[in-house]
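Here are my notes on this one, roughly in the order I'd want to talk them through. Have a look at the model first, then read on.

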Amino acid sequence: MRIIRGKYGRRRFDVPKNITARPTTDFARENLFNVLDNRDEIEGSRVLDLFAGTGAISWEFVSRGAAEVTAVEEAPVQGRFILSVKEKLGDTVLKLLRGDVFRFLAKPRGCYDVVFADPPYNHPRFGEIPELIMRSGVAKPGGLVIVEHSGSFDFSGLPEFMERRSYGSVNFSFFRTAAVPVDDDNEDKETEQ
């Protein structure tokens with residue numbers, strides 16, 4: 001795994017062979033972050049990375065100046081890898097929550113400026129995920145939500161949909177939540193590390 005730019009730019013980490021995640025390609029990740037950098041969506045932001053996998057997206061946000069990044073990942077192998085990178089970098093910005101994303105969305109901890117989700121493409125509930133995020137209150141009013149998906153999904157019918165960007169076989173749908181206040185005092189019993 002390579003962090004592309006920012007304070008940890010060009011750092012590389014060997015991903016364990018038994019990781020089951022499908023990492024976002026460097027090409028797609030670089031283009032996504034070019035879009036976010038141009039929109040000034042990262043510096044000082046609170047970010048939530050759902051289905052964090054190897055943590056590549058989380059680390060890119062951290063490296064580019066996000067104030068706080070919370071990565072939610074259920075798989076123990078991926079969680080251990082994220083923590084090993086955190087230790088090697090001596091980082092204090094990223095927090096790992098080990099647990100199920102759907103449980104987290106049912107009782108989210110706080111509101112975030114940017115929410116990124118990269119569920120397994122074959123997840124049986126994949127089509128529900130953008131709307132679940134939008135209805136959960138996990139994104140602050142007016143917050144940005146990005147869902148990575150295959151070309152077989154089209155989320156343009158959702159009212160919060162803004163645009164879709166395609167980079168090879170990787171697609172990103174962008175949403176903007178409604179500017180209505182949401183209670184952010186929810187608690188969850190996930191394990192924070």
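1. Is α2 largely enclosed by the rest of the structure or left open, and how many of its residues are buried? Bear in mind throughout that this is a predicted model. Eight of the eight residues of α2 are buried, so the helix is largely enclosed by the rest of the structure. If you want to go through them by name, they are Ala56, Ile57, Ser58, Trp59, Glu60, Phe61, Val62 and Ser63. Ser58, Glu60 and Ser63 are on that buried list along with Trp59 and Phe61.

2. β1 is mostly covered, with four of its five residues buried. It pairs with β2 in the parallel sense, over five bridges, and leucine 50 has valine 72 in β2 as its bridge partner. To get from β1 to β2 the chain goes through α2, and this β-α-β crossover is right-handed. β1 also pairs with β4, again in the parallel sense, over four bridges. There, valine 47 stands opposite valine 114.

3. Just after the helix, glycine 65 takes a positive phi of about 105°. Arginine 64 lies in this loop, between α2 (56-63) and β2 (68-73). Is arginine 64 buried or exposed? With a relative accessible area of 10%, arginine 64 falls under the 20% cut-off, so it counts as buried.

4. So what does the arginine 64 side chain meet? Its partner is the side chain of aspartate 37, and the polar contact between the two is 2.5 Å. Setting aside residues up to four places away in sequence, arginine 64 touches Ile4, Arg5, Phe33, Asp37, Ile42 and Glu43. I'd display that set together when you check this spot.

5. Over to α3, where valine 85 lies within residues 76-89. Valine 85 is buried, at 0% relative accessibility. Neighbours within four places in sequence aside, valine 85 is in contact with Met1, Phe13 and Trp59. Valine 85 and aspartate 14 are 71 residues apart along the chain, yet their C-alpha atoms are separated by 9.6 Å.

6. Glycine 99 sits in the loop between β3 and α4. Its relative accessible area is 9%, so glycine 99 is buried.

7. Last, the largest pocket, with a volume of about 400 Å³. Its lining takes in 27 residues, and those nearest its centre are Phe51, Gly53, Glu73, Asp118 and Pro120. The elements giving two or more residues to that lining are α2, β2 and α4 (101-106). That brings us back to α2, the helix with eight of its eight residues buried.

Notes
Residues numbered from 1 in each chain as written. Predicted model: local features only at pLDDT ≥ 70, side-chain atom pairs only at ≥ 80, totals over all residues. Heavy atoms only, no water. Buried < 20%, exposed > 50% of the residue type's maximum accessible area, 1.4 Å probe, protein only. Polar contact = N/O pair within 3.5 Å; in protein donor to acceptor, adjacent residues only side chain to side chain. Contact = heavy atoms within 4.5 Å. Pairing = 2+ DSSP bridges. Right-handed = clockwise from strand over helix to strand, strands pointing away. 1 Å grid on protein atoms, 1.4 Å probe; cavity = no way out; pocket = protein on both sides within 12 Å on 5 of 7 lines; lining within 4 Å. Points joined across faces, edges and corners; volume = space filled by probe spheres on them.
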